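The following briefing is meant to be read alongside the sequence and the 3D view.

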Amino acid sequence: MEGADRERTEAGFKVRTPVAEARRILREAVADRGDADVPCGTETVDVARADGRVLAAPVTAARNVPHYRRAAMDGYAVRAADTFGASGRSPEVLELIEPDAVDEDHATADRIEPGTAARVHTGSALPEGADAVVMIERVTERESIGDLEVEDALAEGENVAPIGEDIEEGQQLYEAGHRLRPSDLGLLRSAGYGQVAVAQQPTVGVVPTGEELVEADPDPGEVVETNGLTVSRLAQRWGARATYRDVVTDDPESLRVAIQRDLTKDVVVTTGGSSVGERDLLPEVIDDLGEVLVHGVGLKPGHPVCLGIVEDTPVLALPGYPVACIINAVQFLRPTLRWLEGTEPDPHPTTQARLERKIPSEPGTRTFARVRLEARNEDDLARDEPNYAAIPTRASGSGVLSSVALADGWVVVDDDREGIPAGETVAVQNWEVNP
């Protein structure tokens, strides 16, 4: 970097907004648009297509589950009072009612009278008049005379699933903001729902920028475009509908048109051109079209991020270096998509590990150190020590994409710490696992 450009870059980021403060500012901007509860709007979808979607309103059960008394196992439906005193040595003898049989008292398999029993299967409706089920292995069926010897004395309701045992009509099932899982879909359908109101999937326009970017076969000085591809796929993994645009060159008017084109989206994301060099034009373009909220964050790698708002649409200008771009996408785009749905981002799953080498960091800067995980020899472990070792990748530059792609996660060094010494137990964030 030449002297003038270096001075401009350094001067532009003497003050860097802490990550937590930058996220607070961005969240307030998102909350100001549309519905306060679900800024991206709501829609109704079939339950079968609702996996991963966020409920827009609380859900209560529309019916009992089960909605009838049912047998909890294979056996015979009986009146519990008819089995009083029954045992293996002294069984009670009941008349077995076959499905199509009718006796002089008009007892059938749909209804049993005192002294009768009917064959039932797990999940089948209990005949009227029955209040218990005797297990099939605790009876002897005397087919020749149509009798049933019952060897168990049953209590009323024994081996019977009552109405509403699983879900009671009117019972609250989920709060608004709950992200639906496959098991939830089954519960919703059984509780009487064919459709459900959910937050619309946020839409994202992803615009890679830079005159040096090419699709393939780069010449010296050219770079294959990867940031837009990565960010668009991350956005999709995080539940958004992403549009991956063609590369836009470093020209103010071209950048202006590209941002304006995607203001119909819920979020506009650009990659590259976000710093303060001669070709870093996006902060100025965003400020001209709307407002720059934050430019420069206490984040490493990736401090030259620009967060803005244009016509109520968040515009996130992410750095061009691949690692910096990914880290900022995780820190700012992911929560923005959650806020648009009316939810909060879930914590990343973590793995506890022993740090093998020191991680340096500057106070006031939140550092993301990429690490590999290796299983430790159990014979070398002291009590309560983690089973894994965290080994920082030697490639630490923000332009070294392999330092993320070939890592198992990253260790976050908080703003108030000056590095983490070797030997400390750390939490390795598996940031690609949790959508």
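The model is a predicted one, and every value below was computed from it.

**Domains and their contact**
- The chain is divided into domain 1 (19–40 + 201–341), domain 2 (43–65 + 165–199), domain 3 (70–161) and domain 4 (350–429).
- Between domain 1 and domain 4, the C-alpha centres are 28 Å apart, and the contact involves 15 residues of domain 1 and 16 residues of domain 4.
- The size of an interface is often given as the accessible area lost when the parts come together.
- For domain 1 and domain 4 the buried area is about 1,200 Å², with 69% of it coming from carbon and sulfur atoms.

**Strand pairing around β9**
- Strand β9 (residues 147–150) pairs with strand β5 (residues 92–97) in the antiparallel sense, over four bridges, and L94 has L148 of β9 as its bridge partner.
- Strand β8 (residues 139–142) likewise pairs with β9 in the antiparallel sense over four bridges, and here the bridge partner of E141 is L148.

**Helix α7**
- Helix α7 (residues 322–341) contains 20 residues and spans 27 Å from its first C-alpha to its last, which is close to the 28 Å expected at 1.5 Å a residue.
- A kink of about 40°, centred on A329, is present in α7, and the helix is mostly covered, with 20 of its 20 residues buried.
- Just after α7, G342 adopts a positive phi of about 85°.

**Individual residues and their surroundings**
- R49 counts as exposed because its relative accessibility is 55%, where exposed means over 50%; its C-alpha atom is separated by 9.8 Å from that of V196, 147 residues apart along the chain.
- N377 belongs to the loop between β23 (366–375) and β24 (388–392), and its relative accessibility of 44% is why N377 counts as partly exposed.
- The C-alpha atoms of N377 and Y388, which are 11 residues apart along the chain, are separated by 8.8 Å.
- I391, which lies in strand β24, is buried, with a relative accessible area of 12%.
- Leaving aside neighbours within four places in sequence, I391 is in contact with E356, R357, R370, V371, R372 and E374.
- I391 and G308 are 83 residues apart in sequence, and their C-alpha atoms are 36 Å apart in space.

**Backbone geometry to check**
- Most residues other than glycine have a negative phi, and most peptide bonds are trans.
- The peptide bond from V65 to P66 is cis, with omega near -5°, and P66 is placed in the loop between β2 and β3 (70–71).
- The peptide bond from K300 to P301 is also cis, with omega near -5°, and P301 is placed in the loop between β19 (299–300) and β20 (306–310).
- N159, a residue other than glycine, has a positive phi near 60° and is found in the loop between β9 and β10 (160–161).
- D217, also a residue other than glycine, has a positive phi near 50°; D217 lies in the loop between β14 (213–214) and β15 (223–224) and counts as exposed because its relative accessibility is 70%.

Note on methods:
Residues are numbered from 1 along each chain as its sequence is written. This is a predicted model: local features need pLDDT of at least 70, side-chain atom pairs count only at pLDDT 80 or more; totals for chains, interfaces and linings use all residues. Side-chain values use heavy atoms; hydrogens and water are left out. Two strands pair if DSSP finds at least two bridges between them. Helices (H or I, at least four residues) and strands (E, at least two) are DSSP runs, numbered from the N terminus. The expected span of a helix is 1.5 Å times one less than its number of residues. The bend at a residue is the angle between axes fitted to the seven residues ending there and the seven starting there. Buried means under 20% relative accessible area, exposed over 50%, partly exposed in between (1.4 Å probe, protein chains only). Domain bounds come from an automatic or database domain assignment. Contact means heavy atoms within 4.5 Å. Buried area is the accessible area (1.4 Å probe) that two parts lose on being put together, summed over both.
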